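Dear colleague,

I am passing on the structure that follows, and below it you will find my notes on what came out of it. Please read them with the coordinates open beside you.

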Amino acid sequence: MKTVTADPKGVDSGPHFMDGDHALAEGALAAGCRFFAGYPITPSTETAERFAERAPEVGALFIQMEDELASIAALIGAAWAGQKCMTVTCGPGFSLMVENLGLAAMTETPMVIANVQRGGPSTGLPTLTAQQDMMQAKWGPHGDNAIIALSPDSPQECFDLTVEAFNLSEYYRVPVIILTDETVGHMHEKVVIPPADQIKVVPRNNYSGPKEDCRPYKFDSQGGHPMVRAGDGYNFHITGLTHNEKGYPVMTVEQSKKVVTHLMEKINGNADDIIRLDEDQVDGADVVVVSYGITSRIAVKAIQDARKEGIKVGSLRLITIWPFCEKRIREISAKVKAIVVPEINYGQMVLEVERSAAGRCKVISVNHCGGAVHDPQVILDAIRKAIQ
Amino acid sequence: MSTQEIRFSGFGGQGIIRCALITGKALALYDDKFATMTQSFGPEARGSACAAQLVVSDERVLYPYITQPGILLALSQEAYDKYYSELPKGGTLIVEQELVKLRGEHPDLRLMRVPATRYAEELGNRLFTNLVALGFFTAVTNVVTADAMKKALPGLVPERFLKINIKAFDKGYEHGLQMMSQNGEAAS
């Protein structure tokens, strides 16, 4: 991945006492995002507010759209006009974005979407936390496609992972979704924004060669391909239909194989490069707790208590949600008695853990119907049960 | 590891959230502590009772919410009524002297009263009530240094009111020190 240092104009360097939502906006600006279109919805609104407030001084454009469908549509347009772009929302808004999320995946349009999750289904619990949209992020759009999703556990990581989300999005030309939650979004903690020259960003890669060689697409299961900027004088055709490397519709079995394989494999085939995990005492553990986002912090509290009781328990925190770390779970499942999966939903990522463990160890779901974080005691009880 | 859980409460408009933001920023940025601040976000936060929570620790805060506050700052009757029973024996209860009518002597608690609104009015505007209360809070608890609190103010209060806010803070702080010496307690 070719990187440059961040444009200092967008970087508010120094220590801050900031909530996760604001840190998402700061991460976007530091990464070079200069276009934001969104529709305010609790608990993500503060990100839009921060971006709108900072936009004039940074030279970015903020548009409050009429709804979430229009918001993501504007992002697709802005991306092909050469901008790095972002929107934020939560469950109800994300549902409305799903159709054009599929279009963005098909047209290989880079963008970052933060979903500050609140309790659902439907309008559910507007002001209360949840992690119920984990599967929707991957399976929302119809048709085979692959996206990347990241999950921060703190305001600091909201900043760090937004920069990383933009970098992955630019390189793989894919929508990257930040799956955070109301708790992380609304809580204030120390956030240190590094100086611009210490922030590495992947710049927009626009084609600039001869007209006859211009290709907005290349179906080779890899990232790093240039985009074509609308208005630069090249023939320009972008469509949701199955297309050839010039972007024109070719609706055949052969072309579908090329396009779909590329869309899937540029992510899944590079999973080892994309996936980031945070592990603690996994080797030699009898039980491993797999968690993410705010729940991983609650889990650490339970893990510390379990260790005091002499239980050998490790922690695996998913920083990357999608693509899922199936290889690592497979390895772990062959060595431990059980994997415990707490999450603020009725049991979503636990299905991926079960699939990857494939019966080699017990998998225990510690679900929660949303509105609050787990009581650490409940996770501790599950760890105790796991070693029996 | 020592962990402190603090609840700031009052009614909407008193600057309760701002109190928690200033204290959290002071601790996290200038007192070398870990601080996690959360606030009430539901409809209950708008208009009537309003609360913000701060968890302070020498190590990273894992559980972001308070489980049992050791310190309660209550600037309104409703806030006091709603939250005082959460305090454990020996907990510190700080109330607005003229806005809160106590429901008993609270012999089990360390009770501190501050006429924050009156002092703020003497400084020209009751909008400074929260800073008087924060100065008092800083003096009577062993949580945060006055120096860090003052450093935290720029950016969290309007620049043109920075001086008067510091004055309000000092007023509350001095009153707190006086109360401490009256009670025979040593200042932190």
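**Chain B**

Chain B contains six helices and six strands (helices being DSSP runs of H or I with at least four residues and strands runs of E with at least two, numbered from the N terminus). Along the sequence these elements follow one another as β-α-β-β-β-α-β-β-α-α-α-α. The radius of gyration of chain B is 15 Å, close to the 16 Å that the globule rule gives for 188 residues, so chain B is as compact as a globular protein of that length; the radius is taken over C-alpha atoms, and the rule is 2.2 Å times the number of residues to the power 0.38. Its C-alpha trace spans about 40 × 40 × 40 Å along the principal axes.

**Basis and confidence**

Please keep in mind that this is a predicted model, in which local features need pLDDT of at least 70 and side-chain atom pairs count only at pLDDT 80 or more, while totals for chains, interfaces and linings use all residues. Residues are numbered from 1 along each chain as its sequence is written, and chains are lettered from A and ligands numbered from 1 in the order in which they are written. The model scores ipTM 0.95 and pTM 0.97. In pLDDT, the predictor's confidence in each residue from 0 to 100, chain B has a mean of 93, with 95% of its residues at 70 or more, and chain A has a mean of 98, with 100% of its residues at 70 or more. Within chain A, confidence is lowest in β7(A), at a mean of 95, and highest in β8(A), at 99.

**Chain A and its domains**

Chain A has 13 helices and 17 strands. Its radius of gyration is 21 Å, close to the 21 Å that the globule rule gives for 388 residues, so chain A is as compact as a globular protein of that length. The domain assignment gives domain 1 (4-201) and domain 2 (279-387) of chain A, with bounds that come from an automatic or database assignment, and the centres of the two, taken over C-alpha atoms, are separated by 27 Å. Between these domains, 24 residues of domain 1 are in contact with 22 residues of domain 2 (contact meaning that the C-beta atoms, placed from the backbone, lie within 7 Å). On the side of domain 1 that touches domain 2, α5(A) gives the most, with four residues.

**The sheet**

Five strands of chain A form an open sheet of mixed pairing, in the order β12-β14-β13-β16-β17, where strands pair if DSSP finds at least two bridges between them. At the edges stand β12 (277-280) and β17 (362-366) of chain A, each with a single partner strand, so one side of each is left without a neighbour in the sheet. Strand β16 (338-342) of chain A pairs with β17(A) in the parallel sense over five bridges, and Pro342(A) stands opposite Val366(A) in β17(A).

**Where the chains meet**

The contact between the chains takes 14 residues from chain A and 14 residues from chain B. On the chain A side, the elements that give two or more residues are β2 (14-19), α7 (182-186), β10 (188-193) and α10 (293-308), and α10(A) gives the most, with four residues.

With best regards

How values were computed: Two residues are in contact if their C-beta atoms, placed from the backbone, lie within 7 Å.
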